[in-house]
Amino acid sequence: MPFTRGWGQTRSRPKTSIFRSEIMSLVQLYIPSDVARFTVSQLGEMGLLQFRDLNDDVSAFQRSFVNDVRRFDELERKLRYLRTQIERSDVDIYDFFNEEAVAASRGPRDIDDMEEKIGAHEDRVLRLTAAYKDLQLKHLELIENKHVLEEVSSLFVEISGRQQTAAAPASASGASGGGAHDSVPLLGRSDSLSRRSIGSLDAAYAGDAGGYDVEGGRMGGGHDINIGFITGVIRRDRVATLERVLWRSLRGNMFLNYVDIEEPISDPKHDEPVYKSAFIVFAHGESLRDRATKISEALGATLYHVDRNAERRQEELIETMSRLDDLQQILENNNAARINELTNVSEQLNTWFTIVRKEKAIYHTLNLLNYDANRNCLIAEGWCATNDIPAIQSALHLATEDAGSNVPTVLHELRTTKEPPTFVRTNRFTDGFQNIVDAYGVPKAGEVNPGLFTCITFPFLFALMFGDLGHGFLMTICAALLCIYEKKLAWLAKDESLRMFYTGRYIVLLMGIFSMYTGLLYNDIFSRAMSMFSSGWQWPSDQGGEGVTVEATKLGHTYPVGIDPAWHHAGNSLLFTNSYKMKMSIVLGIIHMTLGICLQVPNALYFKKRINIVHVFVPQIIFLFSIFGYLVFAILFKWCTDWYARDAAGELTHISPPSLLNMLIYMFLSPGSVGESERMFRGQAALQTVLLMLALACVPWMLLVKPLILRREHQKIISEGYGRISSHVRVSSEDDAPGGAIIVSEQEEMQEDDFDFADIMINQTIHTIEFCLNSISNTASYLRLWALSLAHAQLSEVLWTMTFLPTLKMSGALQPIAIFCGFAVWFVLTFSILIGMEGLSAFLHALRLHWVEFNNKFYDGTGTKFEPFAFKTILDEAEE
């Protein structure tokens, strides 16, 4: 369907193809102020337009909609807080969201209502959470106080019991002095005391035999020695530190006893339960007790007051237990109300997150627009695919209807020489291959896209290194499951370690299919040969004994598909497959590089640089074919010739097969002459001389001709009086066309620098040297196809021979168990090593062959990726 361009031309819609990027248009929108938010919202839903920043000289804090952005930042903060509280409370978050509410157009009143609901929920959750934490702190204090009361009361009972036990022998012995005190310590540790304690308080033993009143702090004779105590709770891992510090600080004038609290205590200050210990410290004098108090608090202990009187302690314990029961009920009610509130929030959380992120993105985009006060509208500019302009116009019409306005948004397509971003339209299948190309470099607008060829060449080169019918089948099954159940397994894309396999599932699928194909050609299935057809070789029936070498007899036919299975059992199998795969790698490598060089032609035609065809492409292809094309011809000639054929007299019609490596070396060292051992056909020496002269002639052709032609054309332009367009020339005025000033600024931006022959000459020299050297190194680089294929086949053979094959040769009752165990080991190692590690290695080598050996022949990759304003992209990034 034709459409009208901004300057009055009518063109048919360009065709879409992955061969090149989409044709892009720079469009300008005049959006009425009351329709702006609805317009940007519709464009965000479609994701077809990449906005340009028309306020790049204005700081982010001075833009028109900065307050709206801050408003939604605050809403997003509130939602993050609510989600954090939901996760901490183990409340399930509903995965679905209200699609109607998200997709519907929202007015200012809808946003205000949503903000009010979120704020009300946050206030209630804040109050309930604060109250819950306060109640938890009180609950913690009561629990710790209960443990302190229990342990201190128990300690006092034990000490009093020991004193009463010691009083009876003391009174029976009459005036025996301090003997009773020497035999039974007053406050020291006895063997029956289960608690751990340190300290002496020697002054407590200097009084009379009446003993020490632990509750009153007096000796039995009525003398007040002012011994007091402090009690509290401390973390269990700090008890040893408290002991050492108190002992050294109080110089041993103290008595400490502590007991570990068995169950952990939930501390609101810590996410996990904390193990604590209750302790009591006796000290002589007010100053020592104050010092002990400060040390305990410095180490994080919580001190509690415990009355000296036993009856009062019992009353406090009963009161504490009662308060604990009441507080526990209050905590449960508060937590239930809090959980109920968070459950109500969780039902709308995803919907609110989506709406807030969309609205925030809308106002971020509106900050890129330029406000025209005279026209009361916003001016926007952006890039879009030319094919998508009708869809954008439809979205603008819908936005006008949603806003209830009668003033439509005007779309105007601009003429510009500015290089557009690159947009390659892909689908689920081609997206993974395009990502491989984009990782090397984004193609320039209009440049040939290697992604089209990568869809076939990448899995094919991988399969040449990985070729095995069995391994390819396992890989294909795994990839096919990912493709069939891709919607159910979409969660894999959220996992960083599994995202690569999920997004590249179609790449893995093709790699598996191509590996099955090359495995069929290699006649390999788990390193075993397949005899699908009759072999072209026959082994003698009498093969002699062990160590005897026998030769197979060639039959009158050839194995129809792939390598003959007879080679798998031959002693010279490795020699044959080495030669075959090495030559195959060279042939396929030259074909791959030739394709890359030929792709220079459509690039030159598109960018109207025909000089690159005549003076870059032609000498490069001649240079490559003169040397390595001749090598490919020699390989094919050697394959097609029966070097052991005999004439009627029984004599060999050919000499021994020539060494192609020596032939290529002496082609440069001894031009014009060919040794008898390297001769393949008549006129070979003359042909090699001509090809060598052509290759040498192409070097100055590539080096000098193009720069000299460009220099001559530039001098011709200067001599005819055509200079560079002045940067002050106006293309159009503001009165002539809307947005004219912007068009003028773009014309000024795109002016090229002055012609510099030295730069062109240096650049051409670098490219010429690079091409000549890379022709050799890149050809040798394709030998990795042979090396990795050989390594994969040999490693597969070793795994089969070392793990599974011995179990098949066993006999006896344990053979089934041995076969099962051997198969399990072989299967695990096959998956982990051959498919996992070897597959990754082949993948990386195939990647290098495309990035270095293929792309550098024609691909610039200096473009900028098209990143349209799309809600889907923004929401996906937020989820990650």
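Leucine 411 is found in strand S14 (residues 410-414). Strands (E, at least two residues) and helices (H or I, at least four) are DSSP runs, numbered from the N terminus. This is a predicted model: local features need pLDDT of at least 70, side-chain atom pairs count only at pLDDT 80 or more, and totals for chains, interfaces and linings use all residues. Residues are numbered from 1 along each chain as its sequence is written, and side-chain values use heavy atoms, with hydrogens and water left out.

**Around leucine 411**

- Leucine 411 and valine 27 are 384 residues apart in sequence. In space, their C-alpha atoms are 6.7 Å apart.
- Setting aside neighbours within four places in sequence, leucine 411 is in contact with Val27, Gln28, Leu29, Ile389, Ile392, Gln393 and Leu396. Contact means heavy atoms within 4.5 Å.

**Helices H12 and H14**

- Helix H12 (residues 469-484) packs against helix H14 (residues 505-522) at an angle of about 155°, with their axes 7 Å apart.
- That angle makes H12 roughly antiparallel to H14.
- Axes are lines fitted to C-alpha atoms, for helices over the stretch in contact, and angles run from 0 to 180 degrees between N-to-C directions.
- Angles under 35 degrees count as roughly parallel, over 145 as roughly antiparallel, 65 to 115 as roughly perpendicular and the rest as oblique.
- H12 passes H14 in a left-handed crossing. A crossing is left-handed if the near helix is turned anticlockwise from the far one by less than a right angle, and right-handed if clockwise.
- On the H12 side, the contact residues include Leu469, Phe473 and Met475. On the H14 side, they include Tyr506, Leu509 and Met516.
- The contact of H12 with H14 divides into 13 nonpolar, 5 polar and 1 charged residues. Ala, Val, Leu, Ile, Met, Phe, Trp, Tyr, Cys and Pro count as nonpolar, Asp, Glu, Lys and Arg as charged, and the others, Gly among them, as polar.

**Helices H15 and H23**

- Helix H15 (residues 573-598) and helix H23 (residues 815-854) pack at about 50°, with axes 10 Å apart.
- That makes H15 oblique to H23.
- Their crossing is right-handed.
- His592, Met593, Leu595 and Gly596 of H15 make the contact with Leu849, His850, Glu853 and Phe854 of H23.
- By class, the contact of H15 with H23 has 4 nonpolar, 3 polar and 1 charged residues.

**Helices H10 and H11**

- The axes of helix H10 (residues 428-440) and helix H11 (residues 451-466) come within 9 Å and cross at roughly 95°.
- H10 is therefore roughly perpendicular to H11.
- Thr430, Phe433, Gln434, Ile436 and Val437 in H10 meet Gly451, Thr454, Cys455, Phe458 and Pro459 in H11.
- The contact of H10 with H11 has 6 nonpolar, 4 polar and no charged residues.

**Cavities**

- The count comes to 2 cavities of 30 Å³ or more. On a 1 Å grid over the protein atoms alone, a cavity is a set of points where a 1.4 Å probe fits but cannot get out, and lining residues have an atom within 4 Å of a point. Grid points are joined across faces, edges and corners, and a volume is the space filled by probe spheres set on the points.
- The largest cavity holds about 70 Å³ of space. It is lined by 11 residues, of which Glu151, Val152, Asn257, Ala278 and Ile280 lie nearest its centre.
- Helix H4 (108-172), strand S9 (254-260) and strand S10 (276-284) each supply at least two residues of that lining. H4 gives the most, with 4 residues.
- The lining of the largest cavity has 8 nonpolar, 1 polar and 2 charged residues.
- The second largest cavity holds about 40 Å³. Its lining is Gly467, Asp468, Tyr522, Asp524, Lys581, Ser789, His792, Ala793 and Ser796.
- The lining of the second largest cavity divides into 2 nonpolar, 4 polar and 3 charged residues.

Notes
1 Å grid on protein atoms, 1.4 Å probe; cavity = no way out; pocket = protein on both sides within 12 Å on 5 of 7 lines; lining within 4 Å.
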